[in-house]
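Dear colleague,

Please find the structure below for your review. A short account of the findings follows it.

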Amino acid sequence: MAYDNLDYIKNYNKTGTYPRIHNNIFSQVKYVPVDNVLDLGCSIGILTHRLGNEYKTVVGIEPNRKSLENAIFRDNVTFYNFEINKDKLKLLKKVIKKHNIQGVFARRVMSEIYTTGGEELLYDLSDLFKECGVKYLVIEGRIDTKRATHY
């Protein structure tokens, strides 16, 4: 199933269970003992919603507006619609500061960020996290396959 398949949300609404595709990255919450986290590249927000069970505040950022139109909301979750690129780093900094983000979960999004701005953007993003006091960065990558559209 595609990462943004609405069946994940339908199944959650029907059964109350989250998709297994997030289990690996979600298993890392025990190593991120903070109150406020960011789900970078949150897609339809199902992992963001799940993180909301563990954290006081969760912020999801997703460039695809259509994905966010289908997101599941909850009181401690806020979504923003913008792409991570050089021009949006100031906005990202404001969001991180506003919500006192201390941890970042990045599930399969770093390759897209690399495609957008190369190594320079990744270094800028790393510097921004450090400047803003982000203590934890949890990254889940992609497996290189014939269908992969990014590194």
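The buried residues of H6 pack against E1, H5, E4 and strand E5 (136–140); contact requires heavy atoms within 4.5 Å. The model is predicted, so local features need pLDDT of at least 70 and side-chain atom pairs pLDDT 80 or more, while totals for chains, interfaces and linings use all residues. Residues are numbered from 1 along each chain as its sequence is written, and side-chain values use heavy atoms, with hydrogens and water left out.

Helices (H or I, at least four residues) and strands (E, at least two) are DSSP runs, numbered from the N terminus. The buried residues (under 20% relative accessible area, 1.4 Å probe, protein chains only) of H6 include Met 110, Ile 113, Leu 121 and Phe 129.

H6 has 22 residues, yet its end C-alpha atoms are only 19 Å apart, whereas a straight helix would reach 32 Å at 1.5 Å a residue; the expected span is 1.5 Å times one less than the number of residues. A kink of about 115 degrees is centred on Gly 117, the bend being the angle between axes fitted to the seven residues ending there and the seven starting there. After H6 comes Gly 133, with a positive phi near 85 degrees.

Kind regards

Conventions
Buried < 20%, exposed > 50% of the residue type's maximum accessible area, 1.4 Å probe, protein only.
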